Amino acid sequence: MAGSFPTYTCFEITLDDGVANLQLSRPEARNSMIPEFWSELPAAVNDLSDSGEARALVISSTGRHFTAGMDLSVFTQPDSLFSGGADSESGSSNTPEFGRVRAETRNLALTLQESFSCLEKARMPVLAAIQGGCVGGGVDMVCAADMRYCTADAFFCIQEINIALTADLGTLQRLPRIIPDGLARELAYTGRRLTADEAMAAGLVNQVYADQESMLEGVLAIAHNIAERSPLAVWGSKEMLNYTRDHSVADGLNHVATWQAGMFHPDDMAEVFAARTEGRDPVFQNLLPIRRTL
């Protein structure tokens, strides 16, 4: 996979020394999430995760704003991103029965949710580098990342409430686990902008940078730091942190004991100590590629 990626409408990808940079590439449209976005994002993330070559993933953007969120075409042309029972002519009538239409609407929401949930399921940590506006679906996306970083001019907005919608792609489920519940509720109910300084104080972002260039340089440096560690140990750490977030301490301890029973072998640890003795950087094998089809 290294050096060769599919051509995407919404993204450009680079891979350097185990660090992938998945960059939103439609600055002229404020990187709005058009229908192609919803299939391209999980395809790209899953390919990077499955290959085992990417040990960290940075999601960055181009232009003034990180993303304006869901494009209006998704609302006006839902068939462009999902086809299902609502268009079916099976049965005695060409008019879909109401319950079936509502069930298909739910299925669409679940499908779109998976476009961001893939970030949590990826075997490598995901770092979001955010400049300017991170609006609507952008908040859904970065909440599914492992860490977030932003520029001083960045702001976050749960835009859905401002257009009479309830956010349904992950913000309301993940954001209260990242920042104080009361602040998450205020943002969800009012749709006001959360500034970079507020985001830093609340723990939404790890660091605020002066500008986009210094942010990308800093975030890529962190990603390369991660990529120098054992990818199996990093993957295990991500698995345990995500599991513990959603379970009790006792469940988490039991889960990590089971993980270690199957995944821990001394080879990577021995390499660390050998590298220290020899005055060099340790060298670790990539994760094995995942083959989803035979």
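A residue counts as buried under 20% relative accessible area, as exposed over 50%, and as partly exposed in between. Asp181 has 38% relative accessibility, so Asp181 is partly exposed. The model is a predicted one.

Asp181 has a charged partner. Arg185 forms a salt bridge with Asp181, with the closest N and O atoms 2.6 Å apart. Both residues sit in helix α6 (residues 181-190). They are four residues apart, about one turn of the helix. Arg185 has a relative accessible area of 43% and is therefore partly exposed.

Another pair involves Arg229 and Glu228, whose closest N and O atoms are 3.6 Å apart. Arg229 is at 45% relative accessibility, so Arg229 too is partly exposed.

Arg174 bridges to Glu120, the closest N and O atoms being 2.8 Å apart. A network of salt bridges links Glu120 and Arg174 with Arg177, Arg245 and Asp246. The model's salt bridges come to 13.

Arg245 also ends helix α9 (residues 231-245), which packs against helix α10 (residues 249-263). Their axes are 9 Å apart, at an angle of about 160°. Angles over 145 degrees count as roughly antiparallel, and α9 and α10 are therefore roughly antiparallel to each other. Their crossing is right-handed. On the α9 side, the contact includes Leu232, Trp235 and Tyr243. On the α10 side, it includes His255, Val256 and Trp259. By class, the contact has seven nonpolar, four polar and two charged residues.

Definitions and conventions: Residues are numbered from 1 along each chain as its sequence is written. This is a predicted model: local features need pLDDT of at least 70, side-chain atom pairs count only at pLDDT 80 or more; totals for chains, interfaces and linings use all residues. Side-chain values use heavy atoms; hydrogens and water are left out. Axes are lines fitted to C-alpha atoms, for helices over the stretch in contact, and angles run from 0 to 180 degrees between N-to-C directions. Helices (H or I, at least four residues) and strands (E, at least two) are DSSP runs, numbered from the N terminus. Angles under 35 degrees count as roughly parallel, over 145 as roughly antiparallel, 65 to 115 as roughly perpendicular and the rest as oblique. A crossing is left-handed if the near helix is turned anticlockwise from the far one by less than a right angle, and right-handed if clockwise. Contact means heavy atoms within 4.5 Å. Ala, Val, Leu, Ile, Met, Phe, Trp, Tyr, Cys and Pro count as nonpolar, Asp, Glu, Lys and Arg as charged, and the others, Gly among them, as polar. A salt bridge is a side-chain nitrogen of Lys or Arg within 4 Å of a carboxyl oxygen of Asp or Glu. Buried means under 20% relative accessible area, exposed over 50%, partly exposed in between (1.4 Å probe, protein chains only).
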